[in-house]
Amino acid sequence: MKKLFALILLLLAVQGAFAETKPLQQADFALLREQVSIGLGQPLFPQAKPLQALFQNDSAKTDFPSCKFVGIQSNYRFGKLTIVCESIGRNGAPVIDSLLLSEDASYLTPRGIGIGADKQAVLAAYGEPVETDGETLIFTAGEIGVAPTLLITFAEGKVQHIEMQQNLR
């Protein structure tokens with residue numbers, strides 16, 4: 001009986017080692033913190049309201065002329081999270097184009113990856129990257145530069161920076 005149990009465990013482990021990860025979908029391009037979910041391609045508000053309350057003493061907004069659209073690009077900083085928005089929503093409302101996170105391990109991706117995760121955990125969650133650039137692994141839901149893209153940068157084997165780009169056009 002012990003041999004049968006050991007064999008079953010071995011088969012499950014081998015199967016798990018060769019299991020494919022699910023392809024990236026739009027829902028994978030988000031950051032989660034407590035009850036807050038901030039996702040690419042979504043209107044910034046009301047999603048960011050809880051962040052405003054949480055980081056009332058550590059937040060900022062900077063506006064620039066957009067290089068993608070006619071209008072304004074706004075960078076919202078909440079602690080160590082920067083949210084880049086394009087004013088393309090209804091009546092020029094900000095829509096999330098990029099999320100940039102460093103140093104704050106309280107945010108996780110929908111697949112459970114956050115600052116400080118090791119490379120094995122990232123590969124288990126996302127599979128093989130479509131491209132690497134030095135210490136950065138690049139994952140995408142389609143063509144790089146067109147489809148949403150996830151960039152995870154490592155330092156000393158741990159996630160140091162997470163960037164998500166919607167690649168709105």
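Predicted model: local features only at pLDDT ≥ 70, side-chain atom pairs only at ≥ 80, totals over all residues.
Select the 8 strands that form an open sheet, in the order 3-4-5-6-10-9-8-7. The pairing is antiparallel. Go to the edges: strand 3 (59-65) and strand 7 (131-133) each pair on one side only. Neighbouring strands are turned by 20 degrees against each other on average, direction ignored.

**Strands 6 and 10.** Now select residues 94-102 and 158-165. These strands pair in the antiparallel sense over 5 bridges. Pick Leu-100 in this view: Glu-163 of strand 10 stands opposite.

**Tyr-107.** Move to the loop between strand 6 and helix 3 (119-126), where Tyr-107 is placed. Tyr-107 has 1% relative accessibility, so it counts as buried. Show its contacts beyond four places in sequence, among them Leu-31, Leu-51, Phe-55, Phe-78 and Ile-113. Then select Val-36, 71 residues away along the chain; the two C-alpha atoms are separated by 9.4 Å.

**Aromatic pairs.** There are 2 to visit. Phe-45 and Tyr-76 are edge-to-face, 6.1 Å centre to centre, with 80 degrees between the planes. Phe-45 lies in the loop between strand 2 (36-39) and helix 2 (49-54) and Tyr-76 in strand 4, so the pair ties together parts 31 residues apart in sequence. Phe-45 is partly exposed at 31%, whereas Tyr-76 is buried at 10%.

Next, select Tyr-126 and Phe-139. This pair is tilted: 5.4 Å centre to centre, 40 degrees between the planes. Tyr-126 lies in helix 3 and Phe-139 in strand 8. Tyr-126 is buried at 5%, and Phe-139 is buried at 2%.

**Last stop.** Select Lys-119. Its charged end sits over the ring of Phe-154, 5.8 Å from the centre.

Definitions and conventions
Residues numbered from 1 in each chain as written. Heavy atoms only, no water. Pairing = 2+ DSSP bridges. Helix = DSSP H or I, 4+ residues; strand = E, 2+ residues; numbered from the N terminus. Axes fitted to C-alpha atoms, helices over the stretch in contact; angles between N-to-C directions. Buried < 20%, exposed > 50% of the residue type's maximum accessible area, 1.4 Å probe, protein only. Contact = heavy atoms within 4.5 Å. Phe/Tyr/Trp six-rings, centres within 6.5 Å; stacked < 30°, edge-to-face > 60°. Lys NZ or Arg CZ within 6 Å of the ring centre and 35° of its normal.
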